[in-house]
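Subject: Handover of a structure

Dear colleague,

Please find below the sequence and the structure that I am handing over to you. After them I set out what was found.

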Amino acid sequence: MLSGRRIVLGVTGGIAAYKAVEVCRRLVDAGAHVVPVMTKGAEHFIGRTTLSALASEPVQTSLWDEASPIPHTKLGQGADLVLVVPATARLLGAYAAGLSTDLLTNTLLATRAPVIVCPAMHTEMWEHPAVQDNLATLRRRGVHVVEPDEGRLAGGDAGKGRLATPERIVAEVERVLGPRDMQGLHVVVSAGGTREPIDAVRVVANRSSGKQGYAFAAEALGRGARVTLVSTVELPVPSGAAIRPVETAAQMQAALDELAPTADVVVMSAAVADFRPVAAATGKIKKDAGVPEIVLEPTPDILAGLGAVKPAGQTLVGFAAETSDLIANAESKLRRKNLDLIVANDVSAPGVGFQHDTNAVTILRAGGEAVIVSLTDKRAIARAVLDIVCEIRAGQGSSVTDTAV
Ligand code: C5P
């Protein structure tokens, strides 16, 4: 997704500078051309060699000793994005005040590319009105801010100010630079396995981790969509997604019945229990009362219900997790549940489906060619599926908001 994009990575002098190395590696892995710039302060925390070795070019630090006579304008003009990881209070202050004191601040003032700053500092500094005022000024000017997390800080302290995770920072880069082909769409994604109560403490559950659903949410956000996640799991929510926590199939159905009618795209990646106990016992079933008989009943097929009332212009995506007859089963579900697309995976294959970070799928679409995606990370699976969703929608000229009224 970042292939060929030129990113100036500014690193300033905070202890979190070492995490910029991981961000750099991930950006390069995603295909970006990373141009590293370090401040004098950053050199106290990480070596130039480390960043030079991992970035696409050697580190630059000075306005004066480069081969190019005007590196600050060259760097800023050639960039698709300037990213500052970490951004210290000093850097934010200088940038907000328009002070060009070093190569990085010069570059920030000279560029017209989007800028993302990722502040990291002690809580007292983060909360200081001067820092917050500077951030407000930068935000007003269109600078993207990846807020710090709460957590352990240098020197044994804890609080807000810890640099955002590399995942969040890279997701923001992808969001800012990504293809905006889902802009204006509302995408509803279900994720995780449902848990159906047996009694006050026990549940009927399954092995779904929710990772594939969260990858769909992150990818759709990156492409400009508004995303609502209906989720049974507690993974970090991709920034910008709305979250509806649910536990049972009945709760998931209620949430989807409310959200789906106006959604442009529904991705049903949750593993919904097919059976649930007819009634949950009140309290905990006691062991000494003998082996209990648990009577099961079928859950409603949520996806089939959505397919039956699918509004014109909506793209409905289902999943088929199979251990045999993958394609035949998936094709039958595609038709039976009135889907536009079904993502079929053989969950008995190594590295595929439940709990893994990777997946391998066959994507089938109504009246279209099958697309095979071999073993890859779940974000790449989401990308391949949403590519086809966008292709289908472009062919239909779809919009629920246009056609459903
Ligand atoms: O029929 P099967 O359970 O294999 O279908 C899988 C697809 O149907 C998945 O997209 C899953 O989220 C959905 N499903 C559902 N409600 C159920 C069972 C499955 O929405 N009760």
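A strand, as the word is used here, is a DSSP run of E of at least two residues, while a helix is a run of H or I of at least four; both are numbered from the N terminus. In that sense, P86 has its place in strand β3, which covers residues 81-87. Please bear in mind throughout that this is a predicted model.

Backbone details

Most residues other than glycine have a negative phi, and most peptide bonds are trans. Two places in this chain depart from that pattern. The peptide bond that joins V85 and P86 is cis, with omega at about -15 degrees. D325 is a residue other than glycine with a positive phi, near 45 degrees. D325 is found in the loop between β16 and α12 (326-336).

Domains

The domain assignment divides the chain into domain 1 (6-177) and domain 2 (186-396). Taken over C-alpha atoms, the centres of the two domains are separated by 37 Å.

Helix α4 and its partners

Two packed helices are described by the angle between their axes and the distance between the axes. Helix α4 (residues 89-97) can be described in this way against two other helices, α5 and α7.

With helix α5 (residues 103-110), the axes come within 10 Å and cross at roughly 40 degrees.

With helix α7 (residues 129-140), the axes of α4 and α7 are 9 Å apart and the angle is about 50 degrees. That angle makes α4 oblique to α7 as well. The crossing of α4 and α7 is left-handed. Here A89, L92, G93, Y95 and A96 of α4 meet V131, N134, L135, T137 and L138 of α7. By class, the contact of α4 with α7 has seven nonpolar, three polar and no charged residues.

Helices α1 and α8

Helix α1 (residues 17-29) and helix α8 (residues 166-177) have axes that come within 10 Å and cross at roughly 45 degrees. The two helices are therefore oblique to each other, and their crossing is right-handed. E22, V23, R26 and L27 in α1 meet P166, E167, I169, V170 and V173 in α8. This contact of α1 with α8 has six nonpolar residues, no polar residues and three charged residues.

An aromatic pair

A pair of aromatic rings is described by the distance of the centres and the angle of the planes. How many aromatic pairs does a search of the whole structure find? The search finds one. The ring centres of F216 and F319 are 5.9 Å apart and the planes stand at 90 degrees, so the pair is edge-to-face. F216 belongs to helix α9 (residues 211-222) and F319 to strand β16 (residues 315-322), so the pair ties together parts that are 103 residues apart in sequence.

Residue A360

A360 lies in strand β18 (residues 358-365). Which residues is A360 in contact with, leaving aside its neighbours within four places in sequence? They are A344, N345, V352, V373, S374, L375 and I381. A241 is 119 residues from A360 in sequence, and the two are 25 Å apart in space, C-alpha to C-alpha.

Yours sincerely,

A colleague

Methods. Residues are numbered from 1 along each chain as its sequence is written. This is a predicted model: local features need pLDDT of at least 70, side-chain atom pairs count only at pLDDT 80 or more; totals for chains, interfaces and linings use all residues. Side-chain values use heavy atoms; hydrogens and water are left out. Axes are lines fitted to C-alpha atoms, for helices over the stretch in contact, and angles run from 0 to 180 degrees between N-to-C directions. Domain bounds come from an automatic or database domain assignment. Rings of Phe, Tyr and Trp (its six-membered ring) pair if their centres lie within 6.5 Å; planes under 30 degrees apart count as stacked, over 60 as edge-to-face and the rest as tilted. Angles under 35 degrees count as roughly parallel, over 145 as roughly antiparallel, 65 to 115 as roughly perpendicular and the rest as oblique. A crossing is left-handed if the near helix is turned anticlockwise from the far one by less than a right angle, and right-handed if clockwise. Contact means heavy atoms within 4.5 Å. Ala, Val, Leu, Ile, Met, Phe, Trp, Tyr, Cys and Pro count as nonpolar, Asp, Glu, Lys and Arg as charged, and the others, Gly among them, as polar.
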